[in-house]
Amino acid sequence: MLVRAITAPGLRRWCRGRRGAAAACFPLGRALLGVRGAEAAVFLQGLLTNDVTQLDPNKNPALAPAAVGVYFPDLVGVTLFRLHGSTAEEPHILLECDSSVLDSIQKHLKLYKIRRKVTIAPCPDLSLWAVIPGEQPGDASSLPKCADPALLLTPDPRAEVMGWRLIAKKGANLSEIIPGSQVGDVQDYHRHRYKQGIPEGVKDLPPGVALPLESNLAFMNGISFTKGCYIGQELTARTHHMGVIRKRLLPVSFPEPLPSAGVPEGAEILTESGKRAGKFRAGGGELGIALLRLAHVNEPLCIKLGGDRVKLRAATPEWWPKAAAK
Amino acid sequence: EGGGCSGFQYKFSLDTVINPDDRQGQRDCGARVVVDVDSLAFVKGSMVDFSQELIRSSFQVVSNPQAEKGCSCGTSFSVKF
């Protein structure tokens, strides 16, 4: 496997300026599946919502994103990474996904592989990290140069607030790769996600239940409306162009302490007058993510737990396109 | 091949080469349809015809007993398991 160091733009700026703006690195327990072979990109293109050709190093050598957020219709959201540096190398694409669906995704890919010249295999020797820049506002695009043990350091394609994704060999020392960074507790990473309203994994995006558009996949750059067919494309395209999306996943918070059992997934959310406003999806502590009717987002909401009414508040994420944040 | 709006899609091409893993069918007029053995599992029992329509004129799989449903343009299909 080719190891390549990526120099992020603004390197000099970063080294000169910052003190105390330590980036936090979070080890993610997500699985990495490798798809390699001459037909890797073409193979995936027919199965996913996003345009895999964006990963082609030839198309836009300066801009080619190394990661593309996609969604297997009926399966959970995955992010793709390009490992090969040029078209001279054999295409090698990595998919990051929730560990619990690794087998399903492998089966799904093998079912549709037929005669394509691709090999599909998990990469247990690699580890995935999220790198969230420190509290300082400003340049999320600048990070110190990453050294050898890292294979790839690239902005998270979903939203700028999610910082960077890092793929390194298992057991790599993060402070060698990103000097000045600190390894954080993955629970803080999840809190950050829920605060921003970024769904990830099977709890936030249950397979067969979560719909791409309601899950804000389009806001997270995960759907291409100009590429060819994939399973579910007709419904996705039609809803986007003609339908109205009435419900979306939104970050919620509970201002009052919760019972120790927490909030059950699927709990009904009501408005003050008792109208159905949505369903709680998943969360941790006083934060979470819920599927809510957009009409009720700014109203005071509650969930009935046992005999009590637990208050909750929803917020429209800042990273949503302005037109949607009505 | 895999892909398309229903999961699998038919792919026709004109060829002069027959490979060891190909299977063929022939009509009296001399036209031959050749399918590789992997793909055959998906299209066994299908009828192939040349179809002239507004959307296109081409060879099409006009009925496939293995297929559960198909897309409206006829290129993609899903399989009964």
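This is a predicted model: local features need pLDDT of at least 70, side-chain atom pairs count only at pLDDT 80 or more; totals for chains, interfaces and linings use all residues.
Let's start where the chains meet. The contact draws on 12 residues of chain A and 16 residues of chain B. Together the two chains bury about 1200 Å², with 59% of that on carbon and sulfur atoms. On the chain A side, A:Y112, A:I114 and A:R115 stand out: they supply 46% of the area that chain A buries against chain B, more than any other three residues.

Two of those names come up again. A:R115, for its part, forms a salt bridge with B:D36, at 3.1 Å from N to O.

Now for the rings. Over all chains, there are 9 aromatic pairs. Take A:F26 and A:Y189: their ring centres are 5.9 Å apart and their planes sit at 40°, so this pair counts as tilted. A:F26 belongs to strand β1 (residues 24–28) of chain A and A:Y189 to helix α5 (residues 186–196) of chain A, so the pair ties together parts that are 163 residues apart in sequence. Both A:F26 and A:Y189 are buried.

Chain A also has arginines lying over ring faces:

| Arginine | Ring | Distance from ring centre |
|---|---|---|
| A:R193 | A:Y194 | 4.8 Å |
| A:R248 | A:W320 | 5.8 Å |

Definitions and conventions:
Residues are numbered from 1 along each chain as its sequence is written. Chains are lettered from A and ligands numbered from 1 in the order in which they are written. Side-chain values use heavy atoms; hydrogens and water are left out. Rings of Phe, Tyr and Trp (its six-membered ring) pair if their centres lie within 6.5 Å; planes under 30 degrees apart count as stacked, over 60 as edge-to-face and the rest as tilted. Helices (H or I, at least four residues) and strands (E, at least two) are DSSP runs, numbered from the N terminus. Buried means under 20% relative accessible area, exposed over 50%, partly exposed in between (1.4 Å probe, protein chains only). A charge sits over a ring if NZ of Lys or CZ of Arg is within 6 Å of the ring centre and within 35 degrees of the ring normal. Contact means heavy atoms within 4.5 Å. Buried area is the accessible area (1.4 Å probe) that two parts lose on being put together, summed over both. A salt bridge is a side-chain nitrogen of Lys or Arg within 4 Å of a carboxyl oxygen of Asp or Glu.
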